[in-house]
Amino acid sequence: MLFEFSLNTPAEAMVNITTEVRHAIKESGVNEGICVVYCPHTTAGITINENADPDVVKDMLLGLNKTFPDLPEFRHAEGNSAAHLKSTCVGAEKSIIISKGKPVLGTWQGIYFCEFDGPRTRKFYVKILG
Ligand code: ZN
């Protein structure tokens with residue numbers, strides 16, 4: 001079963017999409033399986049990280065910006081090569097185990113859509129395999 005979601009993003013953000021993923025799993029009726037969360041964009045990504053302290057997300061974006069600065073040597077005419085680098089570093093998808101009809105996540109884990117070159121209207125997919 002495939003679910004498609006859309007969201008409007010700011011310039012950069014980590015948007016918590018855990019609720020959407022939980023709803024997709026529930027609607028699929030799958031109790032034991034795998035869930036793939038996939039981002040079809042080249043300057044965005046999907047990650048799993050802490051959902052308790054909102055400063056973690058801010059620090060992650062800060063760290064990614066320090067790690068992947070916008071370099072004057074970049075050739076890509078669109079001018080967003082740093083965002084492409086962050087997208088590749090974070091990755092386009094995450095696979096999550098489904099058990100007892102729920103995603104297997106740690107207490108402090110959330111699933112995030114990462115925007116590195118917004119604002120844009122973005123999509124992500126949730127594929128449920130049972
Ligand atoms: Zn580009």
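**Exercise 1. Find which elements the buried residues of α2 pack against in this predicted model.**

*Solution.* 
Step 1. Locate the helix. α2 covers residues 54–67, which is 14 residues.
Step 2. List its buried residues. They are V57, L61 and L64.
Step 3. See how they are arranged. These residues cover an arc of only 65° around the axis, which puts them on the same side of α2.
Step 4. Name the partners. The buried residues of α2 pack against β2 (13–16), β4 (44–50), α3 (81–90) and β7 (109–115).
Step 5. Turn to the other side of α2. There, K58, D59, K66 and T67 are exposed.

**Exercise 2. Compare the reach of α2 with the expected span, then find what caps its N-terminal end.**

*Solution.* 
Step 1. Take the reach from the first C-alpha of α2 to its last. It is 20 Å.
Step 2. At 1.5 Å a residue, 20 Å is expected, and the reach of α2 is close to that.
Step 3. Look at the N-terminal end of α2. D53 caps it. A side-chain oxygen of D53 lies 2.9 Å from the backbone nitrogen of D55.

**Exercise 3. Classify the aromatic pairs and say which parts of the chain they tie together.**

*Solution.* 
Step 1. Know what to look for. A pair of aromatic rings is described by the distance of the centres and the angle of the planes.
Step 2. Count. There are two aromatic pairs.
Step 3. Take F5 and F124. Their ring centres are 4.9 Å apart and their planes stand at 15°, so this pair is stacked; the cut-off for stacked is under 30 degrees.
Step 4. F5 is in strand β1 (residues 2–9) and F124 in strand β8 (residues 120–129), so the pair ties together parts 119 residues apart in sequence.
Step 5. Take F113 and F124. Here the centres are 6.3 Å apart and the planes at 40°, so the pair is tilted.
Step 6. F113 lies in strand β7 and F124 in strand β8, so the parts tied together are eleven residues apart in sequence.
Step 7. Check burial. F124 is buried, with a relative accessible area of 2%. F113 is buried too, at 0%.
Step 8. Join the pairs. F5, F113 and F124 are linked into a cluster.

Methods
Residues are numbered from 1 along each chain as its sequence is written. This is a predicted model: local features need pLDDT of at least 70, side-chain atom pairs count only at pLDDT 80 or more; totals for chains, interfaces and linings use all residues. Side-chain values use heavy atoms; hydrogens and water are left out. Helices (H or I, at least four residues) and strands (E, at least two) are DSSP runs, numbered from the N terminus. The expected span of a helix is 1.5 Å times one less than its number of residues. Buried means under 20% relative accessible area, exposed over 50%, partly exposed in between (1.4 Å probe, protein chains only). The arc is that of the directions from the helix axis to the C-beta atoms. Contact means heavy atoms within 4.5 Å. A polar contact is a pair of N or O atoms within 3.5 Å; within protein, one must be able to donate a hydrogen and the other to accept it, and residues adjacent in sequence count only if both atoms are side-chain atoms. Rings of Phe, Tyr and Trp (its six-membered ring) pair if their centres lie within 6.5 Å; planes under 30 degrees apart count as stacked, over 60 as edge-to-face and the rest as tilted.
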